[in-house]
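Please read the following note with the sequence and the model side by side. Each numbered point takes up one topic.

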Amino acid sequence: MVPIHALLARIRWDPAFGRGEFVIGYYDRVARHIVRVPLRRLAFPDHDHFACTLVDDEGEIRQLPLHRIREVLKDGRLIWQRDGPPGEAPLRHRPSTLLGRHPE
């Protein structure tokens, strides 16, 4: 599996791959479920390679560790997914077209 930081870098820096509407799903430990937000609501500070910042629905800026990102969608289609947090049942496995590779 491609690490999340590598996928996010490709989305940000590869103009052909980065076209489209991206959504990330992260695990909210308080709500205990996956929360999906548009990638455009995230910022990636140069000094932090392990987290990004998120502007939530109330306008609050929150730090989001990259390890809590569980899925990435492009134009509504799942392209990347990792299993859930330790101690929880894994997320349902779905076919992936990660980085443009299509299942045969």
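1. R32 counts as exposed, at 57% relative accessibility; here exposed means over 50% relative accessible area, buried under 20%, and partly exposed in between, with a 1.4 Å probe and protein chains only. R32 lies in the loop between β1 and β2 (33–38). Its phi is near 60°, a positive value in a residue other than glycine. In the loop between β1 and β2 one also finds R29, which counts as exposed at 60% relative accessibility. Between R29 and R68 there are 39 residues of separation in sequence and 9.0 Å in space, C-alpha to C-alpha.

2. The model is predicted: local features need pLDDT of at least 70, side-chain atom pairs count only at pLDDT 80 or more, and totals for chains, interfaces and linings use all residues. Residues are numbered from 1 along each chain as its sequence is written, and side-chain values use heavy atoms, with hydrogens and water left out.

3. The protein chain has 1 helix and 7 strands. Helices (H or I, at least four residues) and strands (E, at least two) are DSSP runs, numbered from the N terminus. Their order from the N terminus on is α-β-β-β-β-β-β-β. Of the 104 residues in the protein chain, 38% are buried.

4. D75 is found in the loop between β6 and β7. With a relative accessible area of 53%, D75 is exposed.

5. Which residues of the largest nonpolar core touch the most other members? They are I4, L7, I11, I24, I69 and V72, out of 20 residues in this core. The elements that give two or more residues to the core are α1, β1 (22–28), β4 (51–55), β6 (69–74) and β7 (77–81). Helix α1 gives the most, with 4 residues. A nonpolar core is a set of buried Ala, Val, Leu, Ile, Met, Phe, Trp, Tyr and Cys residues joined through side-chain atoms within 4.5 Å. In soluble globular proteins, nonpolar side chains tend to be buried together.

6. I11 deserves a separate remark. I11 is placed in helix α1 and is buried, with a relative accessible area of 7%. I11 and F22 are 11 residues apart in sequence, and their C-alpha atoms are 8.6 Å apart in space.

7. How many aromatic pairs does a search of the whole structure find? The search finds 1. The ring centres of F17 and F22 are 6.1 Å apart and the planes stand at 45°, so the pair is tilted. For this count, rings of Phe, Tyr and Trp (its six-membered ring) pair if their centres lie within 6.5 Å; planes under 30 degrees apart count as stacked, over 60 as edge-to-face and the rest as tilted. Both F17 and F22 are buried.

8. The ring of F17 also has charged neighbours. The charged end of R10 sits over this ring, 4.2 Å from its centre, and the charged end of K74 sits over the ring of F17 at 4.6 Å from its centre. A charge sits over a ring if NZ of Lys or CZ of Arg is within 6 Å of the ring centre and within 35 degrees of the ring normal.

9. The largest pocket holds about 250 Å³ of space. Its lining consists of H5, L8, A9, R12, W13, F44, P45, D46, D48, H49, A51 and L66. Helix α1 (residues 4–13) gives the most to this lining, with 5 residues. By class, the lining has 7 nonpolar, 2 polar and 3 charged residues. On a 1 Å grid over the protein atoms alone, a pocket is an open set of points where a 1.4 Å probe fits, with protein on both sides within 12 Å along at least five of seven lines; lining residues have an atom within 4 Å of a point.

10. Two further positions may be compared. D56 lies in the loop between β4 and β5 (61–65) and is buried, with a relative accessible area of 11%. P3, in the segment before α1, is partly exposed at 41%. P3 and R82 are 79 residues apart in sequence and 9.6 Å apart in space, C-alpha to C-alpha.

Conventions. Points joined across faces, edges and corners; volume = space filled by probe spheres on them. Nonpolar A, V, L, I, M, F, W, Y, C, P; charged D, E, K, R; others polar.
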